[in-house]
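Here's a quick briefing to read alongside the model. Have the sequence and the 3D view open as you go.

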Amino acid sequence: MTASPQAEQGRRVEAAPATKPQGSASRGLGSTLRVDRWIIKPGLVAFGLLAFIAYATVSAVFGIPYFGVDYTAQGYHSPFFGIALGEGVLPGWFSPAILVLWMQVFFRGTCYYFRGAYYKAFFLDPPACAVGEPAVHRRFAMENKLPFILMNAHRFALYIVFIPLTVLWLDLVFAVFHDGGLRLGVGVFLIALDAILVSLYTFSCHSFRHLVGGSIDCYSCTAYTQRRHGIWRRVSAINEHHGFYAWASLVSIVIVDLYVRALALDIINTSTPIIGGFL
Ligand code: FES
């Protein structure tokens, strides 16, 4: 008696060697059916992140100990540093930026958006959607083992980053109420813009969205869950632009830092005239 086609098929499936799905890795690095210029986006991401990391390292870590450029000038503080510490509190070779910078690095380094961006740009894992990655990646454990397993701690990074965010808003208050008076200048405008963009980046975080709207079975059941649903919808609206806020806030941090350093070096000063007012 001959076996039915279905039984024959079943035997063939059982007999097939167990192989892991290979995905695009099996086709080799860069192989794709995409016809657009997919390489531009990871290239820009790599350039942008390397430029920011280089700038932040030179300015925040080496700026004071090696170049002697102050991070505070005329009541404005560089956003890399948080609140100004008095002279002699820390040894001269230690940049006070490190006290707050690690929180930002922890938060941005584990950000879901940035992970997606720099895994593509730096690890080619894969270099872009539907583009082949290096075959060696098939052996990578990635976020299952140290150090990348720390990516799963992103929600704790969110809790911590509220500290430098609060300091940033305090910096704005100190910038506005300066020398016993009220001040509205370019520096105040730049710091306010930076505080808003960093806040939008923080509150559009996926973990924050889960914090306000997650772990609820029924949104409509009580007044409390209805309120949380309302907040979750608002957070979801800004969450759509999380990638934009991620980059815009990096740029605004650099602009405020450059402004404060330019004041500290007397390249500009608050009486430098500009259109419609003074710096
Ligand atoms: Fe980007 Fe949380 S997902 S900061």
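R261 has a relative accessible area of 8%, so it counts as buried. Keep in mind that this is a predicted model. R261 pairs up with D257 in a salt bridge, 3.4 Å from N to O, and a search of the whole structure turns up three salt bridges.

**Helix α9**

- Both R261 and D257 sit in helix α9, four residues apart, or about one turn of the helix.
- D257 is buried too, because its relative accessible area is 0%, under the 20% cut-off.
- Of the 23 residues of α9, 17 are buried, so the helix is largely enclosed by the rest of the structure.
- The helix covers residues 242-264, and at 1.5 Å a residue it should span 33 Å; the end C-alpha atoms are 33 Å apart, so the two agree.
- Just after α9, D266 takes a positive phi of about 60 degrees.

**The R115–E143 pair**

- R115 and E143 meet through their side chains in a salt bridge, at 3.1 Å from N to O.
- This pair links distant parts of the chain, 28 residues apart: R115 belongs to helix α4 (residues 112-121), and E143 to the loop between α4 and α5 (154-176).
- R115 is buried at 7% relative accessible area, whereas E143 is partly exposed at 22%.

**The R34–D36 pair**

- The side chains of R34 and D36 form a salt bridge with an N to O distance of 2.7 Å.
- R34 is partly exposed, with 31% relative accessibility.
- D36 is partly exposed as well, with a relative accessible area of 40%.

Notes. Residues are numbered from 1 along each chain as its sequence is written. This is a predicted model: local features need pLDDT of at least 70, side-chain atom pairs count only at pLDDT 80 or more; totals for chains, interfaces and linings use all residues. Side-chain values use heavy atoms; hydrogens and water are left out. Helices (H or I, at least four residues) and strands (E, at least two) are DSSP runs, numbered from the N terminus. The expected span of a helix is 1.5 Å times one less than its number of residues. Buried means under 20% relative accessible area, exposed over 50%, partly exposed in between (1.4 Å probe, protein chains only). A salt bridge is a side-chain nitrogen of Lys or Arg within 4 Å of a carboxyl oxygen of Asp or Glu.
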